[in-house]
Amino acid sequence: MSFTQSDLDDLAQRYTAAWNSKVPENVAAFHVASSSIVINRGEPSEGHEGLTAMAAGFHADVPDLHLTCDGIRGAGSHVVYMWTFTGHHAETGKPLNVQGWEEWELDDDMKVTSALGWFDGEDYDRQVAG
């Protein structure tokens with residue numbers, strides 16, 4: 001299955017809005033029930049419960065998190081969603097500006113069946129410490 005750039009742009013806009021809604025269930029809703037995400041080769045967050053907890057964790061760490069879509073590209077059912085998030089770390093108050101991307105496998109309904117997430121964890125830690 002392949003999607004038009006217009007379809008992908010719409011998906012990216014809706015996904016970005018889900019993160020910015022600060023409602024973790026809205027992020028999980030973009031995934032099928034059996035989906036998972038692995039971030040920076042860490043432990044997978046599996047199913048809607050795990051995906052909701054993952055998004056809630058980011059919102060807890062960065063309460064004023066604001067996500068921006070930097071682009072989206074597709075090759076068949078494989079999609080790359082590039083992003084930047086800004087905000088302030090909950091414990092240190094330090095400003096954050098983090099870039100990364102997610103790699104998705106999509107089903108015919110444009111729901112994520114599996115995902116990999118990537119960002120520079122060392123840079124994130126440096127920004128948190130200030």
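Guide: What follows is a conversation about this structure, from the whole fold down to single residues. Please keep in mind that the model is predicted.

Visitor: How many helices and strands are there in the protein?
Guide: The protein has four helices and six strands. Read from the N terminus, the elements follow the order α-α-β-β-α-β-β-β-β-α.

Visitor: And what is the radius of gyration?
Guide: The radius of gyration is 14 Å, and a compact globule of 130 residues would have a value near 14 Å, so the two agree. The C-alpha trace spans about 45 × 25 × 25 Å along its principal axes.

Visitor: How much of the protein counts as buried?
Guide: Of the 130 residues, 42% count as buried. The accessible surface comes to about 6,800 Å², and 51% of that surface belongs to carbon and sulfur atoms.

Visitor: Let us turn to the sheet. In what order do the strands lie?
Guide: The six strands form an open sheet in the order β2-β1-β6-β5-β4-β3, and the pairing is mixed. At the edges are β2 (45-46) and β3 (66-75), each of which pairs on one side only.

Visitor: What holds paired strands together in general?
Guide: Strands of a sheet pair through backbone hydrogen bonds, in either a parallel or an antiparallel sense.

Visitor: Which sense does β1 take with β6, parallel or antiparallel?
Guide: β1 and β6 (residues 112-119) are parallel, with three bridges between them. Within this pair, V38 stands opposite L116 in β6.

Visitor: What about β5 and its partners?
Guide: β5 (residues 95-106) pairs with β6 in the antiparallel sense over seven bridges, and here W104 stands opposite A115 in β6. β5 also runs antiparallel to β4, joined by eleven bridges.

Visitor: How many residues lie between the strands in the hairpin of β5 and β6?
Guide: There are five residues between the strands of that hairpin, and M110 takes a positive phi near 65 degrees.

Visitor: New topic: which residues of α4 are buried?
Guide: In helix α4 (residues 121-129), the buried residues are Y124, Q127 and V128. They lie on the same side of α4, because they cover an arc of only 100 degrees around the axis.

Visitor: What do they pack against?
Guide: The buried residues of α4 pack against α3 (47-61), β4 (78-88), β5 and β6. The face turned away from that buried side carries the exposed residues E122, R126 and A129.

Visitor: Now a single residue. Where is A33?
Guide: A33 is in the loop between α2 (24-28) and β1 (36-39).

Visitor: Is A33 buried or exposed, and why?
Guide: A33 counts as exposed because its relative accessibility is 59%, and the cut-off for exposed is over 50%.

Visitor: Which residues does A33 contact, leaving aside its neighbours within four places in sequence?
Guide: With those neighbours set aside, A33 is in contact with G47 and H48.

Visitor: Finally, what does UniProt place at residues 12-112?
Guide: An unreviewed UniProt entry places the feature "domain: SnoaL-like" at residues 12-112. That span is 29% helix and 40% strand, and its end C-alpha atoms lie 12 Å apart.

Note on methods:
Residues numbered from 1 in each chain as written. Predicted model: local features only at pLDDT ≥ 70, side-chain atom pairs only at ≥ 80, totals over all residues. Heavy atoms only, no water. Helix = DSSP H or I, 4+ residues; strand = E, 2+ residues; numbered from the N terminus. Buried < 20%, exposed > 50% of the residue type's maximum accessible area, 1.4 Å probe, protein only. Contact = heavy atoms within 4.5 Å. UniProt positions renumbered as here; feature names shortened; annotations may be inferred. Pairing = 2+ DSSP bridges. Rg over C-alpha atoms; globule rule 2.2 N^0.38 Å. Areas by Shrake-Rupley, 256 points an atom, 1.4 Å probe, with all protein chains shown as cover. Arc of directions from axis to C-beta.
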